[in-house]
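Here is a short tour of one protein model, written to be read with the structure open beside it. Please keep the viewer at hand and follow along from heading to heading.

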Amino acid sequence: MSVLARRALAEFIGTAFLVMAVVGSGVMASRLSPDDVGLQLLQNSLATGAALVALIVALQPVSASFNPVVTLVERALGMLDTRTAAVLIGAQILGGLAGTVVANVMFGLDAVTFSTHERTGEGLWLGEVIATVGLLLVVFGTVRSGRADRVAFAVGGYITAAYWFTSSTSFANPAVTIARTVTDSFAGIAPSSAPAFILAQLAGGAVGYVLVRFLYPTLATSAVAAADRKVLS
């Protein structure tokens, strides 16, 4: 198997399991705590953050972005070529959709049901911009400062917190957003709401890219550069 194929498979598997964690824990939370939305969100956020830590630790040696915005910033920073970025993004989107289908089936739901959960409004869109900017600062700030071994814990902790401090509950990921349109559960988002969320995430990606370039204009050592290529490609 080629290096690119291995990376694509890692991105597919990682994004699939991430979405299974988001959707599956959302369904479980709504069944265990049907009358307490706050408790549902707590259960959903803890499961998602913990899954992210585990998945990044496991797949980091191969590829562990699980997010098209992260991959696009990698491309903008010259860490990936265009073909590699396109393949990885495709794997992330397909993996996310597969993860939703599996989560739906595990909990006895239809494999594909378009969400009716409308998520719209300027406050939510701003929340997605903020969530995505913060995620990029956490990912690239940790790695580019020579602490690549801590990125899993940084990302998992950030996403758990961002569920609570952003109005949108921090999707911050186009692949996950697309995947969540095909589940009519606690974690779902209506297909009509998804494009604006994705545009906000891309806007956050652009702002995050500028901040990363400003805050970390050069890598401290060649070892950190090698870590960049290994962890985020």
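## Two loop residues with positive phi

Phe66 sits in the loop that runs between helix 2 and helix 3 (68-76); helices here are DSSP runs of H or I with at least four residues, strands are runs of E with at least two, and both are numbered from the N terminus. Although Phe66 is not a glycine, its phi is positive, at about 60 degrees. Most residues other than glycine have a negative phi, and most peptide bonds are trans. Phe66 is also buried, with a relative accessible area of 1%. Buried stands for under 20% relative accessible area, exposed for over 50%, and partly exposed for what lies in between, with a 1.4 Å probe and protein chains only.

You will find Ala172 in the loop between helix 6 and helix 7 (174-179). Ala172 counts as buried because its relative accessibility is 0%.

## How to read the model

This is a predicted model, in which local features need pLDDT of at least 70 and side-chain atom pairs count only at pLDDT 80 or more, while totals for chains, interfaces and linings use all residues. Residues are numbered from 1 along each chain as its sequence is written, and side-chain values use heavy atoms, with hydrogens and water left out.

## The cavity

How many cavities of 30 Å³ or more does the structure hold? There is 1, and the largest cavity has a volume of about 280 Å³. Of the 24 residues lining the largest cavity, Leu18, Leu52, Leu135, Val155 and Asn173 are the closest to its centre. A cavity is a set of points, on a 1 Å grid over the protein atoms alone, where a 1.4 Å probe fits but cannot get out, and lining residues have an atom within 4 Å of a point. Grid points are joined across faces, edges and corners, and the volume is the space filled by probe spheres set on the points.

Two or more lining residues come from each of helix 1, helix 2 (37-59), helix 5 (122-144) and helix 6 (151-165). Helix 6 gives the most to this lining, with 4 residues. By residue type, the lining divides into 18 nonpolar, 5 polar and 1 charged. In this count Ala, Val, Leu, Ile, Met, Phe, Trp, Tyr, Cys and Pro are nonpolar, Asp, Glu, Lys and Arg are charged, and the others, Gly among them, are polar.

## A nonpolar patch on the surface

Now turn to the outside, where Met1, Leu9, Phe12, Ile13, Phe17 and Leu94 form a nonpolar patch with about 600 Å² of accessible area together. Such a patch joins nonpolar side chains (Val, Leu, Ile, Met, Phe, Trp, Tyr) within 5 Å, from residues with over 30% relative accessible area and no salt bridge; like charges are joined within 9 Å. A salt bridge is a side-chain nitrogen of Lys or Arg within 4 Å of a carboxyl oxygen of Asp or Glu. Accessible areas come from the Shrake-Rupley method with a 1.4 Å probe, and for residues only the protein chains shown count as cover.

Helix 1 (residues 3-32) supplies the largest share of the patch, 4 residues. Leu9 has its place in helix 1 and is partly exposed, with a relative accessible area of 41%. Phe17 also lies in helix 1 and counts as partly exposed at 45% relative accessibility.

## Other helix residues

Pro174 is found in helix 7 and counts as buried at 8% relative accessibility. Pro174 and Ile93 are 81 residues apart along the chain, and their C-alpha atoms are separated by 7.9 Å.

Thr84, in helix 4 (residues 82-106), counts as buried at 9% relative accessibility. From Thr84 to Met106, 22 residues apart along the chain, the C-alpha separation is 32 Å.

Conventions. 1 Å grid on protein atoms, 1.4 Å probe; cavity = no way out; pocket = protein on both sides within 12 Å on 5 of 7 lines; lining within 4 Å.
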